Amino acid sequence: MRWFPRAVSSFRDGGKDVLPSPNIWYYQKAYEVENRAQDVDDEIWRVLGEHRDWAGADVLDIGCGDGFHLPRFAATARSVLGVEPHEPLVRDARRRIDGLPNVEVRQGRAQRLPVPDAAFDVVHARTAYFFGPGCEPGLREAERVLRPGGTLMIVDLDVASEPYGRWMRQDLPDYDPPGVEKFFARQGFGCRNVMTRWLFENAAAMEAVLKIEFSAPVSAKAIAEVGRLNEISSNAEEKPVTLPVGYRVHTRVKPTGLVVPGHSVSSGDASSGAVPSSVSPRMP
């Protein structure tokens, strides 16, 4: 995965510019392959559903990209809104959901969502914008648009998992997984680690995805390791390729009455002092 170090200062200083996604903005076809390969056993969806059933609910998907997850929510939700900053992806997301009457896509930033207060029962963000210190503006916005009793669900890659997390750490030597977990705990989130299985149609698909997610040296190592795990040889017939990938599912419910001490997104960091020197490897 390609990481832009300037993301740290931009978001912590309250910068309003949208940072380009290093993968889907430039390699959308390969990212579609990745989306289709991810979590083929629906482990993430299972965990999300255990935290909050969105049947009959109003759902907001922040950083929806080209809308890959919108139809899944729309199957049972009352309404679904995807918000995405990149105009070409907004257009593609609208094409994807064409014909679904309960889904809409709007262009906008997570730091300033184009929606009214208390409009949603579920806010979902997956490997999209805010994961770790520096995401406070997005967290405040998510809290604003949630109804009391609503659930914020953030799905992030688990940088401590093997082998995918190890490759991420090689590209992000300053990333601090324990620090990020402490940050979310201070913000009142619960966390569940979820191990998933990615399934690629063949080795070529796997290689295309890993090349957009990691630097050239790390992707070369990752491709070789996945080849060994799947016993892929140079003269092997085309066959499916699997890859274990860990995620973290962070959830928080908006209080229905008095604010629980330490829950407010505006108070979490101020009371703790030090801020870990790390933000997510996934920024738009």
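The legends below accompany close-up views of a predicted model.

**View 1. Strand 7 and its two antiparallel partners.** Strand 7 covers residues 241–253, and because 10 of its 13 residues are buried, it is largely enclosed by the rest of the structure. Strand 6, which spans residues 190–200, runs antiparallel to strand 7 and is joined to it by 11 bridges; within this pairing, R197 has P244 of strand 7 as its bridge partner.

**View 2. The salt bridge between R252 and E143.** The side chains of R252 and E143 meet in a salt bridge with an N to O distance of 3.0 Å. The pair links distant parts of the chain, since R252 belongs to strand 7 and E143 to helix 6 (residues 136–145), 109 residues apart. R252 counts as buried at 2% relative accessibility, and E143 likewise counts as buried, at 13%.

**View 3. The surroundings of D66.** D66 sits in the loop between strand 1 (58–62) and helix 4 (70–74), and its relative accessibility of 4% places it among the buried residues. Its side chain makes a polar contact of 3.2 Å with the side chain of Q28. When neighbours within four places in sequence are left aside, the residues in contact with D66 are I24, Q28, E32, L89, D92, A93 and R96. With R96, D66 forms a salt bridge in which the closest N and O atoms are 3.3 Å apart; this pair links distant parts of the chain, R96 being located in helix 5 (residues 87–96), 30 residues from D66. In contrast to buried D66, R96 is partly exposed, with a relative accessible area of 27%.

View 4. R166 and E225 form a salt bridge whose closest N and O atoms are 2.9 Å apart. R166 lies in helix 7 and E225 in helix 10, so the pair ties together parts that are 59 residues apart in sequence. R166 counts as partly exposed at 24% relative accessibility, while E225 counts as buried at 17%. Elsewhere, salt bridges that share partners join E32, R36, D66 and R96 into one network. The structure holds 22 salt bridges.

**View 5. Aromatic residues and a charge over a ring.** One aromatic cluster is formed by Y164, W167, W198, F200 and F214, and a search of the whole structure finds 10 aromatic pairs. R126 lies over the face of W45, at 4.6 Å from the ring centre.

View 6. Most residues other than glycine have a negative phi, and most peptide bonds are trans. D42, which is not a glycine, has a positive phi near 60 degrees; it is placed in the loop between helix 2 (28–37) and helix 3 (43–51) and is partly exposed, with a relative accessible area of 29%. E231, also not a glycine, has a positive phi of about 55 degrees, and it lies in the loop between helix 10 (216–229) and strand 7, where it is exposed, with a relative accessible area of 67%. The peptide bond joining E162 and P163 is cis, with omega about -5 degrees, and P163 is found in the loop between strand 5 and helix 7 (164–171).

Note on methods:
Residues numbered from 1 in each chain as written. Predicted model: local features only at pLDDT ≥ 70, side-chain atom pairs only at ≥ 80, totals over all residues. Heavy atoms only, no water. Buried < 20%, exposed > 50% of the residue type's maximum accessible area, 1.4 Å probe, protein only. Helix = DSSP H or I, 4+ residues; strand = E, 2+ residues; numbered from the N terminus. Pairing = 2+ DSSP bridges. Polar contact = N/O pair within 3.5 Å; in protein donor to acceptor, adjacent residues only side chain to side chain. Contact = heavy atoms within 4.5 Å. Phe/Tyr/Trp six-rings, centres within 6.5 Å; stacked < 30°, edge-to-face > 60°. Lys NZ or Arg CZ within 6 Å of the ring centre and 35° of its normal. Salt bridge = Lys/Arg side-chain N within 4 Å of Asp/Glu carboxyl O.
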